[in-house]
Amino acid sequence: MMRICKKGFIACIMLSMYIQFTSGQSEFIYVPVDSVGPESPWGKCFGDLDNDGLTDLIIGGYVSGGLVYYKNPGWEKMVISDQSGFSTDIEVFDIEGDHDLDLFCVRQNTLEWFENPGWNPHLIDSIQCHDLEMADFNGDGKIDLVARNQGEFGCRGDQLFFYEQRSPQSWKKTEISCEDGEGLKVFDLNGDGLDDVIINGFWFENSGSFDHWEEHDFTDTWNYKNTFIDVGDIDGDGRMDIVMSPSELQGMTYHISWFRAPLNPADIWAEFIIHKDVEAVHHFVGLADFNLDGAMDVATAEMLQGEDPDEVKIYYNFESGNAWKKQVISDAGSHSMRILDVDQDGDMDLFGANHNDRKIKLWINQIKNL
């Protein structure tokens, strides 16, 4: 392992060992869900929408094809909305408490939720966003929202938009400034029972009030503004770490890294590089134990506009995040993927589609069968 320490840094960049081999890997079966899905399938999510106990797959098309779900099993396509403009994030939650999962969608110029059953749309705000997360931020028992736009393509990602739920039809908006960029994740980093907000290199401590968020830098080494983010215990110490990938732009390079949580999360988190000099088109990163060895692995994918091959891959975690073994499960790329146990066999699968392709895909983990 190579260590780079610079005078004055609170933390050191640790370059984790990255090697490629086959031991400790799983096998994945590719399942084509739909060869002609919604056009520009930007939004992806999953949930049991019809209450049959099986997880359905949800896709939103930006150009055409509407908002649909694929009914598990068999993947029959069910149309929720035939409109266009479904953008880069969809979340599921039973907002009414009627035991039916509703859908919360980032659209071209709006933030909306669709009521299940019937799929009637409800406008939350007329706004352009890229990322959406849900949490009960003020502890009143009602789910709230946080959204953010991206910092490229003529847009600005320098505002966080909070929506306090007064009722499913009434939301109070609060805006706070943040560093420009892309990426959004919600997690209780300091263990106080209130969910905090994580962006590219910073986290915002939740006070329980929408009007007050304390901003913390968690890194003094990462300086790339466009990210995809996930949270999980990578080194097995019981504290939740952060992983980030460079999500934009084509032709630029950066690295995929994880950040070790210190005892005090307000301190600087040490950065560990998983893979150096990757193209900045990794518009997905997620954590799960794919090979069931007790360690959290990293899944990620490259978009189609990147240099070929466009890899969908897993970095298997060895030595508590100090060594990583890469497995490529596809060279067709993907975008904003989701990790789920779609066949309910106890291991984690991958669901995705590239943003400018209509092929909807599943990769079914076979580790339980090895």
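The model is a predicted one, in which local features need pLDDT of at least 70, side-chain atom pairs count only at pLDDT 80 or more, and totals for chains, interfaces and linings use all residues. Residues are numbered from 1 along each chain as its sequence is written, and side-chain values use heavy atoms, with hydrogens and water left out.

**The cysteines**

Remain at C178, which is buried at a relative accessible area of 10% (buried means under 20% relative accessible area, with a 1.4 Å probe and protein chains only). The structure holds zero disulfides, a disulfide being a pair of cysteine sulfur atoms within 2.5 Å. Select C105 next: this residue is in no disulfide, and the nearest cysteine sulfur, in C45, is 8.7 Å away. C105 is also buried, with a relative accessible area of 0%.

**The open sheet**

Now display the four strands of an open sheet, ordered β13-β14-β15-β16 and paired antiparallel. Strands are DSSP runs of E, at least two residues long, numbered from the N terminus, and two of them pair if DSSP finds at least two bridges between them. At the edges stand β13 (131-135) and β16 (170-177); each has a single partner strand, so one side of each lacks a neighbour in the sheet.

Move to β14 (residues 144-148) and β15 (residues 159-167), which run antiparallel and are joined by three bridges. Finally, select A147 and find F161 of β15 opposite.

Notes. Buried < 20%, exposed > 50% of the residue type's maximum accessible area, 1.4 Å probe, protein only.
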